[in-house]
Amino acid sequence: MNQSSPPRHAVVIGGSLAGLLAAAVLAEHATVTVIDADPLPEGPAPRRGLPQARHTHLLWSGGARAIEQILPGITQDWTDAGAIRRSLPTDLVTKTAQGWIPRCGEKQFNISCSRDLLDSVVRARVTALKGVTTLQQSRVRGLEGTAAKVTGVRVDTPQEKDLLVSADLVIDASGRGSRARTWLQTLGVSGIRQAEVDSGLVYATRIFEAPPGAHEMGFPIINVQSDPRVPVPGQTATIVPIENGQWQATLSGTRGGQPTGDPDRFIPFAKGIRDPIVGELLEGRKPLTDVAVTQGTANRRVYFEKAELPDGFFAVGDSVATFNPLYGQGMTVAAQGLLAVRTLLRAKGLAHPGFCREAQRAIAPQVSTAWELATSQDILYPGATGMKPRAGTGLLNGYVNRLMTGATTDEVLTAALFNVLTMSSTPTHWLRPSVVWHVLRASERGALQAPPLSVAERAVAGLGPASGPVSGPVSGPVDPVGPADAVGQAR
C-alpha cells in the first residue's frame, strides 16, 4: 500500500448506513468528519432525514457479511441489541409470483429489526473509531474546488454559515435526495447521466403488538408478493417480527393499487391481495403506531462511473442508485460497494492518482446487478415509466420464471434463488450447469397450496387449523402445500 503522502482528512456527507460504513473504511487511512443535517441519536431513535426508516428493512446475508468484514462482530452486536438473525427460507413464509416457497434448511439468512436499531448499532461502532468525528445539524451547501479537483465542502452549521471544511477527499452519502449532480455541475462537471424506472409504488407501514408467545417461539417472517407478469397493479403485504416483541407490517401497491394512510383500510388491503394471510394474522392485534406512508420510491441511477469526476470526490449508497424498497437491495448494495472500495484502498492507498474514479467504478458492478433485477420487474407494472427492457430480456425472464417455479418444489433451486436474492451470489449463479440442469426439470408438481405455517405457529397466532394434508418442514409440521410462480419482490 502506498502511504508516501496519504490525504489527512476526508469528509463524508450523510450519517446514514452508507455514510457510516464509508467512514469506517476511510478511518484506516485518514481522519474523517461525517456531516449530517440531523442530530444523530445515541440509540435507536427516528431521524427526520431518514423517513423511510419507519418501514420494513431486511438486511440480506450478502450485505450482513460485507458489513461484518468492515466492522467485525457487528452481527453479534445487532442480536445483542434485539435484532433477530433469521434463517432463509426456514424462518420465512413467502409466496412469490410462482407460489409458496418450502421452509427447508438454511440456505441464506437476514437480520430482522427496525432500521433505527440497525443504524444505531453501526453508528455506535463507527463514531467510536479513532479519528472519526461528526458535524451534526449541519447542511452542506456545495463542493469547494474545480472540475479537476474537489478540495472540501461549504457547510451551514448551527454556529456558522458558509463554513469551509477543507478535505483531501469528499464522499457523498446523502441519499435519495443527493444534490451531488448539481454541485458537480456548478464546478463545471457535465454529462452525468441519470436513468429512472418508476412503477408508482407507495408503501404503508404500521407496527403491531405480536401475540403472546410469538416472539419466544421465533415466529417467521410472512410475505405475500405480487406477480409482475399479470397486468394489474402489484400489491404486497409483509409482517416482520422485530425487537421488543413487535410485528412490523408493510403493505405496498404500484400505480392504481396503492395503500393509503387510513388505518381502517390497512387490514382490508392486506386481506385483498393474492393471499389474505397477512391480514388474517393482523386481525385483532393491537396497533402501536399510526400508518406511515411513503411515496417517491422510483428506481433512480446516476452513472457517476461514466463521468469525468474530479479528483477528491466519489458517491456511494443511495446517492448513486435508489431501488424499489421492496427488493431490499439498498443497504446490501452500499455495503458490498464499500467493501470493494476498502479492498482498493488497502491495495493502493488514498494518495493513488485517480483513486476516486477507480473507487466509483469499483462500486458499479453491485449497483448494476441490483438495477437490472429491480427495473426488469418494475417496468412490467401498468403505468410504469422509464427505460424499457433490453432486447433478450423476455427470454431471460422466461428462464428465471422457470427457475422460480422450480424453487417451490426443488431444494437445489430454492438455494439458487436465495443465493441471488440475498446478493450472496451474482445472477450468473443461475446459469451454472448444475442449476440449469434442475431448471430444465422444474415442475410445480407437489408445490405448496397454502402458507406453510406449523400447527404451533397457527395456534399462537390465533388461526384455526388448516384443512388438508400436513407436511413437515424444518420448523415443524406445517399445513398444506401446492402451486407456484417470479423473480422480483423478495423483501
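A crossing of two helices is left-handed if the near helix is turned anticlockwise from the far one by less than a right angle, and right-handed if clockwise. By that rule, helix 1 and helix 9 make a right-handed crossing. This is a predicted model, in which local features need pLDDT of at least 70 and side-chain atom pairs count only at pLDDT 80 or more, while totals for chains, interfaces and linings use all residues. Residues are numbered from 1 along each chain as its sequence is written, and side-chain values use heavy atoms, with hydrogens and water left out.

**Helix packing**

- Helix 1 (residues 17-26) packs on helix 9 (residues 330-348) at about 15°, with the axes 10 Å apart (helices, H or I, have at least four residues and strands, E, at least two, as DSSP runs numbered from the N terminus; axes are lines fitted to C-alpha atoms, for helices over the stretch in contact, and angles run from 0 to 180 degrees between N-to-C directions).
- Helix 1 is therefore roughly parallel to helix 9 (angles under 35 degrees).

- Six bridges link strand 9 to strand 10 (residues 150-156), and Leu143 has Val153 as its bridge partner.
- Strand 13 (residues 194-198) runs antiparallel to strand 19 (residues 299-302) over four bridges, with Gln194 opposite Val302.

Key:
Angles under 35 degrees count as roughly parallel, over 145 as roughly antiparallel, 65 to 115 as roughly perpendicular and the rest as oblique. Two strands pair if DSSP finds at least two bridges between them.
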